[in-house]
Amino acid sequence: MAGGGGGGVSPLGPAPPMWYHRDLSRAAAEELLARAGRDGSFLVRDSESVSGAYALCVLFQKHVHTYRILPDDEGFLAVQTSQGVQPKRFKTLPELVSLYLQPNQGLVTTLLYAVDREETAVTDDRDYSDGEDEKPPLPPRSASTSTPPGPEMPTESTLAANGLSTISHEYLKGSYALDLEAVKQGASSLPHLNKTLVASCKRLNGEVDKVLSGLEILSKVFDQQSAFMVTKMIQQSVNQGGDQELENLVTKLAILKDLLSSIEKKALKALQDMSLSSPCSPPPFSMRHSKAIPVQAFEVKLDVYLAELTKIGKSQKYTLSVDVEGGRLVVMKKVKDNQEDWTTFTHDKIRQLIKSQRVQNKLGIVFEKEKDKSQRKDFIFASAKKREAFCQLLQLMKNKHSNQDEPDMISIFIGTWNMGSVPSPKSVASWVLCRGLGKTLDEITVTIPHDLYVFGSQENSVCDREWVESLRAVLKEQTELDYKPIAVQTLWSIKLAVLVKPEHENRISHVGMSSVKTGIANTLGNKGAVGVSFMFNGTSFGFVNCHLTSGNEKIARRNQNYLDILRLLSLGDKQLSSFDISLRFTHLFWLGDLNYRLDMDIQEILNYINRKEFEPLLKVDQLNLEREKNKVFLRFAEEEISFPPTYRYERGSRDTYVWQKQKATGMRTNVPSWCDRILWKSYPETHIVCNSYGCTDDIVTSDHSPVFGTFEVGVTSQFVSKKGLPKSSEQAYIEFESIEAIVKTASRTKFFIEFYSTCLEEFKKSYENDSQSSDNVNFLRVGWSNKQLTTLKPLLSEIEYLQDQHLLLTVKSVDGYESYGECVLALKSMIGSTAQQFHTYLSHRGEETGNIRGSMRVRVPAERMGTRERLYEWISVDQDETSGPKGKSTMVSRVGHEYVKQSVVRKQLGELGKVNEEGEKNCKEENAARSKQDTPEGESSIGKNSFNNPAYYILEGVPHPSAAELLSSPTSPTVPPVKAPPPSAGARTKPPPAASGPAHSRRTVVPGNPARGVGEESSSEDDGGAALAGAQGGGIGGTVGSTLNRPPPDFPPPPLPKGALETAAEAQLSKPRSLYPDLAEVRIPPAGPAGPLALGDGFRRGAAGALDDQSCSVLQMAKTLSESEFPGQPPRAPSAPPPVRVPTIGILDACRTFPPRNPIPESIAEDMPEEALWGSSSSSLSVGESSVGEWLQRLGLEIYEQGLLHNGWDDLEFLSDITEEDLEEAGVLDPAHKQILLESLRQQQQQK
């Protein structure tokens, strides 16, 4: 509960009023007010920006106005006023609200209608009937010493407001008189005051005990005498209490003071003595007990084409032997008479590994033959698993023998297991070695130690120390390494343990731990989450282990559990408090018993499991369905599930599911389900690959099977500049040309942007937005021009450092300083001399709240441009297959891109609404082998949910006036015909005007026969249209083939109304553009039906494409409606750049390093006209332009069309005579815009 009242009085009065909604989110408050729908409707919630403050939200003329209510030093409450205005102070919220119920009190309107909170029944939380818990388990008898007080402990927040001051008030009001009376009667002590002090110091007592326990260990090593005293004091404190407790605390504080002041000196002396007695330094961590990896041999065949087979005869067999320790690869060819021809390549002679995406067991190896000459050979392995094992061994070999002091990549094991409240068996080796069902590791690599092991457990009745020691023993047995525990966090029976390889122990820093209770009334820890965070060199990691509400029907409760954990778990950098934990870490892993079930009849489920057909079951998996609706785990990824449901087995067996349980209330059904899951979310343009995801089949003590996953993760080092701090002439700069955001809100306040990054000395703020418009009462478009945006100066200017950095943005309101959306941008794609474009989504408290786009550049001085190839960039995708000259299709890679390069062809944002369900479904079916990150197709359930379909309105339960008109009269257009944009140079035809406006694709979509996804066999025109309609954005600049992590795509959207899908005739696009400013111009192959379309692997996902985040999400569809189909749209502000459009892309591999090694051919098959670039100064007329409107749209200055036409300038032929004065009369007042228009006309005259 927020705030504290004056004089110890609760700010909420005797009981919280119904209009007080506690920690309700801003977005949810706006939705409740929109449902109320009457001017003067109001509610009060806790402020999201100031702890202890409140927010008064009032609805007036369909807009929500927010007023902050702040407590002063005396605890009185007042509405925040303008400077110089005397605030009115109140003891309680009800008193404050009662004043504003009266008219003319300074608010935008009188408070008239209270919007009450929805009280949920207590019984909703009481679910122990599914067999997981017969009753809530009691917390462990001894609390874990590793668990610091976190936000889950109500005492922490209440002490802030009701701590010593409140206790003191109570003493002075009551017990003080009793002590006074005792003194009058001759007493020499004050028992009531002593009791008050003991109570107020209770937490201090516990903290001192913890610190002394830690110092005890150091004392035993360096100072035996002090250690004896510390141990004795701790033992005494356990038994002492009453009158002696306060005296004991004072004594402990004195010992603590002495220990802290002397321990360093004693430790120094002890270490000096040790160094004199044993001059030999200990071996490095990596040399201790490291288990040597034996030489591994792989039987392969040389892959050759038919033309080559005629020359060399039969397909040749080879043996590839990998010597990791020796750093050698031996390629041995079997020839006649059992003779062998072999060649040895050292690790530095292996230039690159090239994975085939089409043939999963094929690998190309590029060898260095002579100086600057190389040779490529393609080999076919026995299986895809063997190929992956070979690649892993070669990466280990490269890493082991590289000259780098710090690793580029680490391997992480993650396991989750609901232990069923019984001890684990003696051996859990199969869990640690990833043996069992699903996607497992090859036996050759299964025993290679991982760098990090993360074990999450639920219903774990084993004490912390015993549990960790058992895990270390298993690891020691399997790897011969003594893994070091870096964090153990416990909440009742939910435990999370993180262990690290000894050689990495010193690379771990900033360890944080926290927990959140979500049990009954959010006060019991039988359900909830524990979290651990830390830095590995320069990369931040977060791990969350949770146990959510059980019960088949408790979906909404589980969703709320997730949102509570996301908001309340206190992990990571405290400066990032504006961001939830999903944006605070480079890599966040979320594991545990999520308890989502399968919505299907039990007999059907069992039949599918018996046939090992999991796809139909995954379609009714509650977690997948909720993720499709963007209710939970927004933009998280999950590897494809290829193992049977892990719950609810008969204990002692893995052959039988126990799905019925007799309860007092009747028979309870628990269908087999994938309750135990591992998901992750990583920053864009980072490297992460899931190598295994499965469950064991031989650990049978619990009714859950343990689940495992292994990940290959790119990490960065603590960068040290070799050239020192940059001089002013060598300073890098992050510069913004413009930013535009569309925010889901009914507010009309002003906004500013805050920028956070580890590469900045401190966070920076922009000025207020200088443009603002809205076509939809619940969406607001805000823009910042260059003059409103600050230039950022990174701490270091080396490109090698900057390409690993990310920028966090949060859009905040001026009135309440509350965040309306946050996002993360990778600087890697933005580096260059010219501005690059970005486009990504905004989220807040786990919900998508809008999107943001802009133009920026990271300017790096020439002296700081040196870089190197990362180890994970050493593996790439077969270029021949991705470019597709031989007709080979490409398999979907688990990568995408948030950013749009400047030189790519632009598209109206309305295109985002053009992807249809069928196209996504077809792509899903063709690429069934991809991970769950590539989402399953959506069914009609999405269309039924108004939250996911702005055509029926973004706020649930609120009718959409414009959409209602659209649906009620589908035959009549909602807007008058609009002139279509011009075709590009060389276009064959000019498209006729389209009723739906220029924002839509020029492909006709026939109802009942929707456009097909890219994965289908079709003409290149059809493929290109589907690809571009489904892939808004698509930056280049990262390794493909599962080497760069991008946020996963949106789930398939519902279809838009018929009117929104009307499109015009097709036009050809053939004008080439260079993809990079510093590369030679790359010609684009003309689109046509003569051959399959060459697409980058990122674009074969239907709606996702290379810009995963820009598939047809709820807000993008809303933009389609607001920009294209609603009448009365105001002209775009000059500072707001025109919308973007995106190409399909061929070879992405050339961008793995900066600068790119090779030109990158584009393949563009979308028959759409080009549009002006954001911030472009292009001033030439396109050959096909035939009207003033088309010419202005080409230049991105269409806002002046109405003024020019009104003044009679309606013909391009006459425009050559126009003067500056004429332009000013037509409304062109911006000098830069006047110059662009006049220069364009001058060039037109020269062309004639």
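Is glutamate 48 buried, exposed or partly exposed? Glutamate 48 is partly exposed, at a relative accessible area of 22%; buried means under 20%, exposed over 50% and partly exposed in between, with a 1.4 Å probe and protein chains only. The model is predicted, so local features need pLDDT of at least 70 and side-chain atom pairs count only at pLDDT 80 or more, while totals for chains, interfaces and linings use all residues. Residues are numbered from 1 along each chain as its sequence is written, and side-chain values use heavy atoms, leaving out hydrogens and water.

**Salt bridges**

- The count of salt bridges is 45, where a salt bridge is a side-chain nitrogen of Lys or Arg within 4 Å of a carboxyl oxygen of Asp or Glu.
- Glutamate 48 pairs with arginine 845 in a salt bridge of 3.7 Å, N to O.
- This pair links distant parts of the chain, 797 residues apart: glutamate 48 is in the loop between β1 (41-46) and β2 (54-60), and arginine 845 in the loop between β34 (836-844) and β35 (847-859). Strands (E, at least two residues) and helices (H or I, at least four) are DSSP runs numbered from the N terminus.
- Arginine 648 and aspartate 703 form a salt bridge of 3.6 Å, N to O, and both residues are buried.
- Salt bridges with shared partners join Asp303, Lys362, Arg376 and Asp378 into one network.
- Aspartate 323 bridges to arginine 328, with the closest N and O atoms 2.8 Å apart; aspartate 323 is buried at 13% relative accessibility, and arginine 328 is partly exposed at 37%.

**A buried charge without a salt bridge**

- Glutamate 459 lies in the loop between β15 (452-458) and α12 (464-479).
- Glutamate 459 is buried but has no salt bridge, and the nearest side chain of opposite charge, arginine 651, is 5.4 Å away. Lys and Arg count as positive and Asp and Glu as negative; His and the chain ends are not counted.

**Cysteines**

- Zero disulfides are found in the whole structure, a disulfide being a pair of cysteine sulfur atoms within 2.5 Å.
- The sulfur of cysteine 434 is 9.4 Å from the closest cysteine sulfur, that of cysteine 690, which is too far for a bond.
- Cysteine 434 is buried, at 1% relative accessible area.
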